[in-house]
Amino acid sequence: MSRQTSRLDAKKVNSELLTLTYGALVSQMLKDNENPEDVNKQLERIGYNMGVRLIEDFLARTGSNRCLEMRETADKIQQAFRLYLNMQPSVSNWSNAGDEFSLVWEQCSLSEWVEMPNNGLKYCALIPGAIRGALQMVQLDVQCWFVQDQLKGDPVTELRVKYIKRLEDAVPAGED
Amino acid sequence: MTIHNLYIFDRYGTLLYYGEWNRTKQSGMSREEEGKLMYGMLYSIKSFVAKISPLDPKDGFLNYKTSKYTLHCLETPSGLKFIMNTDNQAQNTREILRKIYSELYVKYVMRNPLCAAGEPINSELFKTKLDAFIKQAPLTAARAS
């Protein structure tokens, strides 16, 4: 990685570079793995590991505080999408309990110029992984999955986020 | 005006980094034990402050002061804790802690894939940058001149 001299401000790169790099990653993984299910799992894991680090960058950039409600969290996730992928998904389909919502988008820079073979691959599986990893670092355990996918012929892409539980602070060792 | 030392803890209480600049009295125990003691105290203060506060605490615990030094604490939503001891005259320390987080920790540790999460920071680059940053930090300027 090159050491950039610019300060903390976003280093902008052409989104096509990201799109193509991601495409190369996915196609390489499909070559290495016979089973698209395994590729989904690995993409999710890569995403998770990215999310774990990305959250620090996000917090440092935005100076966000801890969320008290899922609605706030949804806003923050929306903000993160704008920051990192330059897209603005809409938040909708809240469950009655307010613990589940959907992120809906029509265009995603990751899945541009992609045609899918019909084999069960979840092309953008990196994104739910990243969300899960990032939220885990702020003590939120969530589940994240695709309900609709444009690449599979749906009109929009819909990502569902479900709150499971709040993770507790660690007690110092040897205090019990 | 002086910065004495700095501890960085992760959310599990692991001492990620310890830096020392002007410390004339050592605790007389190993760094590891000292870290545990420090984290234990922070944990207790945090829960004390949260329970005893007559109002809804917004930021929680920020600092405490003794006759000789002041301890400043910055906790990020992700549970990282930055603890810095300074003398009692130091100002805008919160700003400094924030900068250490956003401009040094995120930049040289989180963006460095060789720095594994949850393990002490071994990056020389981070150490050098942090030293340089502390030396030019506005609250030590008076001492240098």
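B:R31 is partly exposed, with a relative accessibility of 34%; the term covers the range between buried (under 20% relative accessible area) and exposed (over 50%), computed with a 1.4 Å probe on protein chains only. In this predicted model, local features need pLDDT of at least 70 and side-chain atom pairs count only at pLDDT 80 or more, whereas totals for chains, interfaces and linings use all residues. Side-chain values use heavy atoms, without hydrogens and water; residues are numbered from 1 along each chain as its sequence is written, and chains are lettered from A in the order in which they are written.

**Salt bridges in chain B**
- B:R31 pairs with B:E34 in a salt bridge at 3.4 Å, N to O, the term requiring a side-chain nitrogen of Lys or Arg within 4 Å of a carboxyl oxygen of Asp or Glu.
- Both residues belong to helix α1 (residues 31-52) of chain B, three residues apart, or about one turn of the helix; helices are DSSP runs (H or I, at least four residues) numbered from the N terminus.
- B:E34 is buried, at 6% relative accessibility.
- B:E20 forms a salt bridge with B:R23, with 3.8 Å between the closest N and O atoms, and B:E20 is partly exposed at 32%.
- A network of salt bridges links B:E20, B:R23, B:R31 and B:E34.

**A salt bridge between helices in chain A**
- A:E44 and A:R132 form a salt bridge, their closest N and O atoms lying 3.1 Å apart.
- A:E44 lies in helix α2 (residues 36-62) and A:R132 in helix α4 (residues 126-137), so the pair ties together parts 88 residues apart in sequence.
- A:E44 is partly exposed at 22%, as is A:R132 at 23%.

**Total**
- Over all chains, the count is 13 salt bridges.

Definitions and conventions: Helices (H or I, at least four residues) and strands (E, at least two) are DSSP runs, numbered from the N terminus.
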